[in-house]
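Take a look at the chain below. This report goes from the whole chain down to single residues.

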Amino acid sequence: MTETTQLLQRPCHAARWRAATIACLLLLAVGIATGVSMFEQFTAQIHHLQKKLQSTAQIKYIAVLLDGQQTPALLVTQDPQDGALQIQRLNSVAEGREDSMQLWALASDGQPRSLGVLARGSKTLRIAADERTLAEVRQLAISVENKGGTVENAGPSLPYLFVGAVVQKAL
């Protein structure tokens, strides 16, 4: 009987080790689940930010066209992803009924090239122009022409109303 009593009284550590092992396994499972969840959240954030970056305008060329008093009249930007010039009027100058404003690219060779006619009455507008269009251009200018602009391959018929240097921005 004394032997059995001694065996019963001897502390049994197996139950404690079993409980500690189960607790450690539960902590490990919670840690793995948390790590996987954080990885998925970070992956979703990266994808969201990549889409946001792609939809954000990446302006490569910018020009501020000034009037005769050196007051800003037009802001012109070009986004290479979009392939268009974004033109924003900064003053209240408007064309007459029988007039149109025409945008000109002035290259270093001095030959003006028409980029298009500005829509009447718009505060902001877009004109299709890829990156190569502005690559060799040093200035942009606006002239007032007869309604619809000048004929193809002809220069402006009137002096420039607004002129501004084209700046290539580093992306």
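## Burial and surface

Buried residues account for 25% of the 171 residues in this chain. The model is a predicted one. The chain exposes about 11,900 Å².

Charged side chains come in two sets. There are 16 positive side chains and 14 negative ones. The centres of the two sets lie 12 Å apart.

## Overall shape

The box around the C-alpha atoms tells its own story: along the principal axes, they fill roughly 125 × 30 × 30 Å.

## Order of the elements

The chain contains three helices and eight strands. Along the sequence, the pattern runs α-α-β-β-β-β-β-β-α-β-β. Of the contacts with a separation of 6 or more, 58% come from residues 24 or more positions apart.

## Confidence

The average pLDDT of the chain is 83. A score of at least 70 is reached by 92% of the residues. Which elements mark the two ends of the scale? Helix H1, residues 2–9, has the lowest mean pLDDT among the elements, at 56. Helix H2, residues 14–55, has the highest, at 92.

## A residue in helix H2

Leu27 lies in helix H2. Is Leu27 buried or exposed? Leu27 counts as exposed because its relative accessibility is 64%, and the cut-off for exposed is over 50%. Leu27 and Ala105 are 78 residues apart in sequence. In space, their C-alpha atoms are 68 Å apart.

## Two residues in loops

Gln70 sits in the loop between strand S1 (61–66) and strand S2 (72–79). Its backbone has a positive phi of about 65°, although Gln70 is not a glycine. Gln70 has a relative accessible area of 54%, so it is exposed.

Ser92 belongs to another loop, the one between strand S3 (84–89) and strand S4 (99–107). Ser92 counts as exposed because its relative accessibility is 73%. Ser92 and Ala135 are 43 residues apart in sequence. From C-alpha to C-alpha, they are 30 Å apart in space.

## Two residues in strands

Thr77 is part of strand S2. Why does Thr77 count as buried? Its relative accessibility is 11%, and buried means under 20%. Leaving out residues up to four places away in sequence, Thr77 touches Ile59, Tyr61, Ile62, Ala84, Leu85 and Gln86.

Leu161 is found in strand S8, residues 160–168. With 35% relative accessibility, Leu161 counts as partly exposed. That label covers values between the buried and exposed cut-offs. Which residues does Leu161 touch, not counting residues up to four places away in sequence? They are Leu66, Asp67, Gly68, Val93, Met101, Ile142, Ser143 and Val144. Leu161 and Gln102 are 59 residues apart along the chain, yet their C-alpha atoms are separated by 9.9 Å.

Definitions and conventions. Residues are numbered from 1 along each chain as its sequence is written. This is a predicted model: local features need pLDDT of at least 70, side-chain atom pairs count only at pLDDT 80 or more; totals for chains, interfaces and linings use all residues. Side-chain values use heavy atoms; hydrogens and water are left out. Helices (H or I, at least four residues) and strands (E, at least two) are DSSP runs, numbered from the N terminus. Buried means under 20% relative accessible area, exposed over 50%, partly exposed in between (1.4 Å probe, protein chains only). Contact means heavy atoms within 4.5 Å. Accessible areas come from the Shrake-Rupley method with a 1.4 Å probe; for residues, only the protein chains shown count as cover. Lys and Arg count as positive and Asp and Glu as negative; His and the chain ends are not counted. The place of a charge is taken as NZ of Lys, CZ of Arg, CG of Asp or CD of Glu. pLDDT is the predictor's confidence in each residue, from 0 to 100.
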